[in-house]
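Please open the structure in your viewer and keep the sequence panel beside it. The tour moves from one selection to the next.

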Amino acid sequence: MLAGHVPVMLLYSRRRCEIIVGHLVYPEQTATAAPGRPVAEWAIVHGLAVRITWRTFRKEVSLMPEPSTEWLHRKRAERTIKNLEKNYMTGFYFPSSQEAVPKILEHIPQDSVVGLGDSMTLRQIGIITRLEGSNYHLLDPWKESSMEKRILIQRQVLLSDIFLVGTNAVTLNGELVNMDGRGNRVAAMIFGPKKVLVVAGVNKIVRDVEEGIERIKSIAGPANAKRHEFPEEVCPPCGVSGLCSDCRPPLTICCAQVVIRGQRRDRDRIKVFIIGEELGL
Ligand code: SF4
(Lines give C-alpha, C1' and ligand atoms only; values in the text may rest on other atoms or scores of the structure.)
Protein backbone atom coordinates (compact mmCIF):
# COMPACT_ATOMS: atom_id res chain seq x y z
CA MET A 1 0.00 0.00 0.00
CA LEU A 2 1.29 3.47 -0.81
CA ALA A 3 2.11 5.79 2.06
CA GLY A 4 -0.83 7.92 3.09
CA HIS A 5 -3.38 5.68 1.45
CA VAL A 6 -5.97 3.73 3.36
CA PRO A 7 -8.19 0.88 2.29
CA VAL A 8 -11.76 2.12 2.09
CA MET A 9 -15.15 0.89 1.16
CA LEU A 10 -17.23 3.81 -0.06
CA LEU A 11 -20.88 3.07 0.49
CA TYR A 12 -23.23 5.92 -0.11
CA SER A 13 -26.12 4.89 2.08
CA ARG A 14 -28.90 6.71 0.27
CA ARG A 15 -28.29 4.65 -2.84
CA ARG A 16 -28.27 0.93 -2.70
CA CYS A 17 -25.12 -0.84 -3.79
CA GLU A 18 -23.01 2.06 -4.96
CA ILE A 19 -19.71 1.00 -3.64
CA ILE A 20 -16.05 1.20 -4.44
CA VAL A 21 -13.21 -0.60 -2.81
CA GLY A 22 -9.88 1.09 -3.16
CA HIS A 23 -7.29 3.29 -1.63
CA LEU A 24 -8.36 6.87 -1.16
CA VAL A 25 -5.77 9.55 -1.38
CA TYR A 26 -7.79 11.93 0.77
CA PRO A 27 -9.85 9.72 3.07
CA GLU A 28 -11.01 12.59 5.23
CA GLN A 29 -13.02 13.94 2.31
CA THR A 30 -15.38 10.95 2.32
CA ALA A 31 -17.33 12.71 5.06
CA THR A 32 -18.33 15.45 2.65
CA ALA A 33 -19.75 13.14 -0.01
CA ALA A 34 -22.82 14.69 -1.59
CA PRO A 35 -24.52 14.66 -4.99
CA GLY A 36 -22.62 16.74 -7.49
CA ARG A 37 -19.62 17.22 -5.25
CA PRO A 38 -16.37 15.36 -5.53
CA VAL A 39 -15.81 12.81 -2.80
CA ALA A 40 -12.09 12.94 -3.28
CA GLU A 41 -9.99 13.95 -6.22
CA TRP A 42 -8.15 10.74 -6.81
CA ALA A 43 -8.15 7.17 -5.67
CA ILE A 44 -6.08 4.18 -6.60
CA VAL A 45 -8.48 1.37 -7.38
CA HIS A 46 -6.82 -1.95 -8.13
CA GLY A 47 -3.69 -0.16 -9.21
CA LEU A 48 -5.52 2.26 -11.47
CA ALA A 49 -5.70 6.00 -11.02
CA VAL A 50 -9.36 6.86 -10.75
CA ARG A 51 -10.88 10.28 -10.58
CA ILE A 52 -13.62 10.11 -7.96
CA THR A 53 -16.65 12.28 -8.50
CA TRP A 54 -20.31 11.92 -7.70
CA ARG A 55 -20.68 10.18 -11.05
CA THR A 56 -18.43 7.44 -9.75
CA PHE A 57 -21.14 6.52 -7.28
CA ARG A 58 -23.53 6.20 -10.18
CA LYS A 59 -21.44 3.40 -11.62
CA GLU A 60 -19.50 5.57 -14.07
CA VAL A 61 -15.90 5.20 -13.09
CA SER A 62 -13.55 7.12 -15.28
CA LEU A 63 -10.57 4.82 -15.43
CA MET A 64 -7.23 5.80 -16.81
CA PRO A 65 -5.39 2.50 -16.78
CA GLU A 66 -1.71 2.33 -17.37
CA PRO A 67 -1.13 0.09 -20.40
CA SER A 68 0.85 -2.34 -18.26
CA THR A 69 -2.00 -2.77 -15.79
CA GLU A 70 -4.51 -3.52 -18.52
CA TRP A 71 -2.04 -5.97 -20.02
CA LEU A 72 -1.63 -7.71 -16.68
CA HIS A 73 -5.39 -7.98 -16.16
CA ARG A 74 -5.85 -9.39 -19.63
CA LYS A 75 -3.06 -11.94 -19.24
CA ARG A 76 -4.38 -13.21 -15.92
CA ALA A 77 -7.89 -13.39 -17.34
CA GLU A 78 -6.69 -15.24 -20.45
CA ARG A 79 -4.91 -17.88 -18.39
CA THR A 80 -7.99 -18.29 -16.17
CA ILE A 81 -10.33 -18.57 -19.16
CA LYS A 82 -8.10 -21.16 -20.83
CA ASN A 83 -8.30 -23.34 -17.73
CA LEU A 84 -12.03 -22.73 -17.24
CA GLU A 85 -12.50 -24.11 -20.74
CA LYS A 86 -10.52 -27.22 -19.79
CA ASN A 87 -12.93 -27.62 -16.87
CA TYR A 88 -15.97 -27.41 -19.19
CA MET A 89 -16.85 -23.84 -18.26
CA THR A 90 -16.82 -20.94 -20.69
CA GLY A 91 -14.94 -17.74 -19.95
CA PHE A 92 -14.98 -14.22 -21.36
CA TYR A 93 -12.90 -11.14 -20.62
CA PHE A 94 -13.97 -7.51 -20.92
CA PRO A 95 -11.74 -4.58 -19.93
CA SER A 96 -14.65 -2.64 -18.44
CA SER A 97 -18.13 -3.20 -17.05
CA GLN A 98 -19.54 -0.86 -19.70
CA GLU A 99 -18.36 -3.34 -22.31
CA ALA A 100 -19.34 -6.40 -20.29
CA VAL A 101 -22.96 -5.63 -19.37
CA PRO A 102 -24.46 -5.66 -22.90
CA LYS A 103 -22.59 -8.88 -23.66
CA ILE A 104 -23.82 -10.57 -20.49
CA LEU A 105 -27.39 -9.50 -21.32
CA GLU A 106 -27.05 -11.24 -24.69
CA HIS A 107 -26.86 -14.52 -22.75
CA ILE A 108 -30.21 -13.88 -21.03
CA PRO A 109 -33.16 -14.55 -23.37
CA GLN A 110 -36.22 -12.32 -23.04
CA ASP A 111 -38.94 -13.72 -20.76
CA SER A 112 -36.40 -15.82 -18.83
CA VAL A 113 -36.80 -16.44 -15.15
CA VAL A 114 -33.63 -14.87 -13.78
CA GLY A 115 -32.52 -15.70 -10.24
CA LEU A 116 -30.03 -13.46 -8.47
CA GLY A 117 -27.32 -14.42 -6.02
CA ASP A 118 -26.30 -11.87 -3.41
CA SER A 119 -23.48 -10.03 -5.16
CA MET A 120 -21.97 -6.58 -4.80
CA THR A 121 -20.37 -7.04 -8.22
CA LEU A 122 -23.75 -7.36 -9.95
CA ARG A 123 -25.02 -4.24 -8.23
CA GLN A 124 -21.85 -2.28 -9.02
CA ILE A 125 -21.96 -2.96 -12.74
CA GLY A 126 -25.61 -1.90 -12.93
CA ILE A 127 -26.93 -5.06 -14.53
CA ILE A 128 -29.70 -5.54 -11.97
CA THR A 129 -31.17 -2.14 -12.84
CA ARG A 130 -31.08 -3.12 -16.52
CA LEU A 131 -32.88 -6.39 -15.78
CA GLU A 132 -35.50 -4.68 -13.63
CA GLY A 133 -36.41 -2.39 -16.49
CA SER A 134 -36.74 -5.19 -19.05
CA ASN A 135 -38.88 -8.15 -19.94
CA TYR A 136 -37.57 -10.68 -17.43
CA HIS A 137 -39.09 -12.41 -14.47
CA LEU A 138 -36.59 -11.44 -11.82
CA LEU A 139 -36.17 -13.36 -8.56
CA ASP A 140 -34.27 -11.15 -6.13
CA PRO A 141 -34.36 -12.62 -2.61
CA TRP A 142 -32.65 -9.56 -1.21
CA LYS A 143 -35.61 -7.36 -1.95
CA GLU A 144 -37.61 -9.24 0.64
CA SER A 145 -37.37 -7.84 4.13
CA SER A 146 -38.93 -10.85 5.82
CA MET A 147 -36.59 -13.81 6.24
CA GLU A 148 -39.40 -16.24 5.53
CA LYS A 149 -40.12 -14.68 2.11
CA ARG A 150 -36.44 -14.37 1.31
CA ILE A 151 -35.89 -18.08 1.83
CA LEU A 152 -38.96 -18.83 -0.29
CA ILE A 153 -37.49 -16.83 -3.21
CA GLN A 154 -34.10 -18.46 -2.69
CA ARG A 155 -35.79 -21.83 -3.13
CA GLN A 156 -37.50 -20.60 -6.31
CA VAL A 157 -34.13 -19.42 -7.65
CA LEU A 158 -33.01 -23.04 -7.67
CA LEU A 159 -35.42 -23.64 -10.57
CA SER A 160 -34.67 -20.46 -12.53
CA ASP A 161 -33.65 -20.42 -16.19
CA ILE A 162 -30.65 -18.22 -15.54
CA PHE A 163 -28.77 -17.79 -12.27
CA LEU A 164 -26.78 -14.56 -12.22
CA VAL A 165 -24.17 -14.45 -9.51
CA GLY A 166 -20.71 -13.29 -8.45
CA THR A 167 -17.95 -15.44 -7.02
CA ASN A 168 -15.65 -15.07 -4.03
CA ALA A 169 -12.70 -16.18 -6.13
CA VAL A 170 -11.75 -17.79 -9.43
CA THR A 171 -8.41 -19.52 -9.68
CA LEU A 172 -5.87 -19.34 -12.47
CA ASN A 173 -6.49 -23.10 -12.70
CA GLY A 174 -10.11 -22.44 -13.71
CA GLU A 175 -11.95 -23.24 -10.46
CA LEU A 176 -14.65 -21.27 -8.66
CA VAL A 177 -14.14 -20.89 -4.91
CA ASN A 178 -17.02 -19.80 -2.71
CA MET A 179 -18.14 -19.72 0.90
CA ASP A 180 -21.80 -19.40 1.89
CA GLY A 181 -23.72 -18.97 5.07
CA ARG A 182 -27.00 -20.64 4.17
CA GLY A 183 -25.63 -22.32 1.03
CA ASN A 184 -28.36 -21.16 -1.36
CA ARG A 185 -25.86 -19.46 -3.66
CA VAL A 186 -23.43 -22.34 -4.01
CA ALA A 187 -26.32 -24.81 -4.29
CA ALA A 188 -27.69 -22.94 -7.33
CA MET A 189 -24.24 -22.70 -8.87
CA ILE A 190 -23.85 -26.48 -8.64
CA PHE A 191 -27.29 -27.69 -9.69
CA GLY A 192 -30.76 -26.41 -10.46
CA PRO A 193 -30.79 -23.36 -12.72
CA LYS A 194 -30.38 -24.23 -16.39
CA LYS A 195 -27.59 -21.69 -16.91
CA VAL A 196 -25.26 -19.96 -14.48
CA LEU A 197 -23.67 -16.63 -15.39
CA VAL A 198 -20.82 -15.72 -13.04
CA VAL A 199 -19.47 -12.16 -13.04
CA ALA A 200 -16.10 -11.36 -11.45
CA GLY A 201 -13.71 -8.43 -11.32
CA VAL A 202 -10.04 -9.20 -11.94
CA ASN A 203 -9.44 -8.77 -8.23
CA LYS A 204 -11.19 -12.14 -7.76
CA ILE A 205 -8.52 -14.03 -9.70
CA VAL A 206 -6.29 -15.98 -7.32
CA ARG A 207 -3.45 -18.43 -7.82
CA ASP A 208 -5.15 -21.52 -6.39
CA VAL A 209 -7.90 -22.79 -4.08
CA GLU A 210 -5.81 -22.14 -0.98
CA GLU A 211 -5.35 -18.50 -1.93
CA GLY A 212 -9.07 -18.30 -2.71
CA ILE A 213 -10.00 -19.47 0.76
CA GLU A 214 -7.46 -17.11 2.26
CA ARG A 215 -9.04 -14.29 0.27
CA ILE A 216 -12.48 -15.19 1.61
CA LYS A 217 -11.31 -15.28 5.21
CA SER A 218 -9.33 -12.05 5.01
CA ILE A 219 -11.53 -9.91 2.72
CA ALA A 220 -14.93 -11.24 1.66
CA GLY A 221 -15.94 -12.74 5.01
CA PRO A 222 -15.25 -9.70 7.19
CA ALA A 223 -16.53 -7.23 4.58
CA ASN A 224 -19.76 -9.19 4.10
CA ALA A 225 -20.25 -9.61 7.84
CA LYS A 226 -19.97 -5.83 8.16
CA ARG A 227 -22.14 -5.12 5.12
CA HIS A 228 -25.09 -7.15 6.35
CA GLU A 229 -25.26 -5.11 9.56
CA PHE A 230 -26.14 -8.06 11.74
CA PRO A 231 -27.51 -7.31 15.20
CA GLU A 232 -24.71 -7.39 17.74
CA GLU A 233 -25.79 -10.68 19.31
CA VAL A 234 -25.58 -12.58 15.98
CA CYS A 235 -22.76 -10.69 14.25
CA PRO A 236 -19.76 -12.85 13.26
CA PRO A 237 -16.64 -11.67 15.12
CA CYS A 238 -14.98 -10.53 11.91
CA GLY A 239 -17.88 -8.07 11.40
CA VAL A 240 -16.57 -6.24 14.46
CA SER A 241 -12.81 -6.81 14.37
CA GLY A 242 -12.31 -7.01 10.58
CA LEU A 243 -10.25 -10.16 11.16
CA CYS A 244 -11.18 -13.81 10.77
CA SER A 245 -11.12 -15.85 13.95
CA ASP A 246 -12.43 -19.06 12.36
CA CYS A 247 -15.71 -18.70 14.18
CA ARG A 248 -18.27 -21.47 14.37
CA PRO A 249 -22.06 -21.70 14.29
CA PRO A 250 -24.32 -20.03 15.10
CA LEU A 251 -22.33 -16.86 14.31
CA THR A 252 -20.35 -17.92 11.27
CA ILE A 253 -21.31 -16.99 7.70
CA CYS A 254 -18.68 -19.42 6.42
CA CYS A 255 -20.66 -22.68 6.53
CA ALA A 256 -20.51 -24.08 3.00
CA GLN A 257 -17.04 -24.03 1.46
CA VAL A 258 -17.41 -25.07 -2.17
CA VAL A 259 -14.90 -25.46 -4.98
CA ILE A 260 -16.44 -25.97 -8.40
CA ARG A 261 -13.76 -27.81 -10.34
CA GLY A 262 -15.80 -28.05 -13.51
CA GLN A 263 -18.94 -29.25 -15.21
CA ARG A 264 -19.17 -32.93 -16.05
CA ARG A 265 -20.75 -32.65 -19.49
CA ASP A 266 -22.65 -29.45 -20.14
CA ARG A 267 -19.95 -27.04 -21.31
CA ASP A 268 -22.59 -24.40 -21.85
CA ARG A 269 -24.04 -24.30 -18.33
CA ILE A 270 -21.53 -22.13 -16.42
CA LYS A 271 -20.19 -19.01 -18.08
CA VAL A 272 -17.71 -16.77 -16.32
CA PHE A 273 -17.43 -13.09 -17.28
CA ILE A 274 -14.20 -11.56 -16.02
CA ILE A 275 -14.07 -7.76 -16.02
CA GLY A 276 -10.81 -5.81 -15.87
CA GLU A 277 -11.89 -3.76 -12.86
CA GLU A 278 -11.85 -4.19 -9.11
CA LEU A 279 -15.39 -5.29 -8.28
CA GLY A 280 -17.18 -6.75 -5.31
CA LEU A 281 -15.78 -7.99 -2.04
S1 SF4 B 1 -14.69 -14.88 11.52
FE2 SF4 B 1 -16.18 -16.46 11.01
S3 SF4 B 1 -17.60 -15.51 9.55
FE4 SF4 B 1 -15.79 -14.22 9.66
S5 SF4 B 1 -14.48 -14.91 7.95
FE6 SF4 B 1 -13.84 -16.03 9.78
S7 SF4 B 1 -15.03 -17.93 9.74
FE8 SF4 B 1 -16.02 -16.51 8.33
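The stops below begin at the ligand and end at some backbone details.

This is a predicted model, in which local features need pLDDT of at least 70 and side-chain atom pairs count only at pLDDT 80 or more, while totals for chains, interfaces and linings use all residues. Residues are numbered from 1 along each chain as its sequence is written.

**The ligand.** Select the ligand and its surroundings: 14 residues surround the ligand, the closest being G221, C238, C244, C247 and C254, where a residue is near a molecule or strand if its C-beta atom, placed from the backbone, lies within 6 Å of it. This shell divides into 9 nonpolar, 3 polar and 2 charged residues, with Ala, Val, Leu, Ile, Met, Phe, Trp, Tyr, Cys and Pro counted as nonpolar, Asp, Glu, Lys and Arg as charged, and the others, Gly among them, as polar.

**Helix α7.** Which helix gives the most to the shell around the ligand? Select residues 209-227, helix α7, which gives 4 residues; helices (H or I, at least four residues) and strands (E, at least two) are DSSP runs, numbered from the N terminus. At I216, α7 bends by about 45 degrees, the bend being the angle between axes fitted to the seven residues ending there and the seven starting there. The buried residues of α7 include I216 and G221, where buried means that 20 or more other C-beta atoms lie within 10 Å of a residue's own, exposed 12 or fewer, and partly exposed in between, with C-beta atoms placed from the backbone.

**The sheet.** Now select β13, β10, β11 and β14, which in that order form an open sheet of 4 strands with mixed pairing; two strands pair if DSSP finds at least two bridges between them. β13 and β14 stand at the edges, each with a single partner strand, so one side of each is left without a neighbour in the sheet. Between β10 and β11, which run antiparallel, there are 2 bridges, and A169 has V177 in β11 as its bridge partner.

**Backbone details.** Most residues other than glycine have a negative phi, and most peptide bonds are trans. In the loop between α8 and β14, select D246, whose phi is positive, near 50 degrees, and which counts as exposed with 10 C-beta neighbours inside 10 Å. P250 is placed in the loop between α8 (238-241) and β14 (256-260), and a cis peptide bond joins P249 and P250, with omega about 5 degrees. Finally, select Y88, in the loop between α1 (67-86) and β6 (90-94): phi of Y88 is positive, near 65 degrees, and Y88 is partly exposed, with 17 other C-beta atoms within 10 Å.
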